[in-house]
Amino acid sequence: MDYTFRNCNDTDILFLLELKEKSFRWYIETLYGWNEAVQKDIIKKELAVHQPDMHIIQCEGKNAGIFTFFYDEKGDAFIELIAIMPEYRGRGIETQIITKVLEENKGRRVHLQTYRENPARELYQRLGFKKYGETETHWLMEVLPE
């Protein structure tokens, strides 16, 4: 499926909250408890820190997801967040985006973290990511430079 990116801005807070609820509520609720006001504040803080790195994924002219990507202090590529609205899942968008990141960063380590129970782990493994560590809540995954 074709997609485009646009820069994320402060007017996207409600979309980001809806996306977070549809994509991650079960994990957040299970681990920390879900509080919509708290989640909205977290999104505002994420925007304050990562807004230049946050991109709204659009399909057919509609908001379909979020992709946050940057280079960390070591110069490694870091996929901070990728999430797709349920109605756009299964169309290969996430695979296309991650594949492009891997192709454009062959000489760099590319890493991400994902909730331990997240079925997307299988996609990441299929794309070449390997688990190199874990926290109480997340798997730490990487693809090393070729």
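Exposed means over 50% relative accessible area, buried under 20%, and partly exposed in between (1.4 Å probe, protein chains only). Helices (H or I, at least four residues) and strands (E, at least two) are DSSP runs, numbered from the N terminus. The model is predicted: local features need pLDDT of at least 70, side-chain atom pairs count only at pLDDT 80 or more, and totals for chains, interfaces and linings use all residues. Residues are numbered from 1 along each chain as its sequence is written, and side-chain values use heavy atoms, without hydrogens and water.

Gln-39, Ile-43, Leu-47 and His-50 are buried. Seen down the axis of H2, the buried residues fall within an arc of 95 degrees (taken from the directions from the helix axis to the C-beta atoms), so they line one face of the helix. An α-helix has 3.6 residues a turn, so residues three or four places apart point the same way. The buried residues of H2 pack against helix H1 (13–31), strand S2 (54–59) and strand S3 (62–71); contact means heavy atoms within 4.5 Å.

Move on to strand S5. Five of the six residues of S5 are buried, so the rest of the structure largely encloses this strand. Three bridges join S5 to strand S4 (residues 77–84), and the two run parallel. Six bridges join S5 to strand S7 (residues 138–143), here antiparallel. Strands pair if DSSP finds at least two bridges between them. Leu-112 in S5 stands opposite Ile-79. Leu-112 also stands opposite Met-141 in S7.
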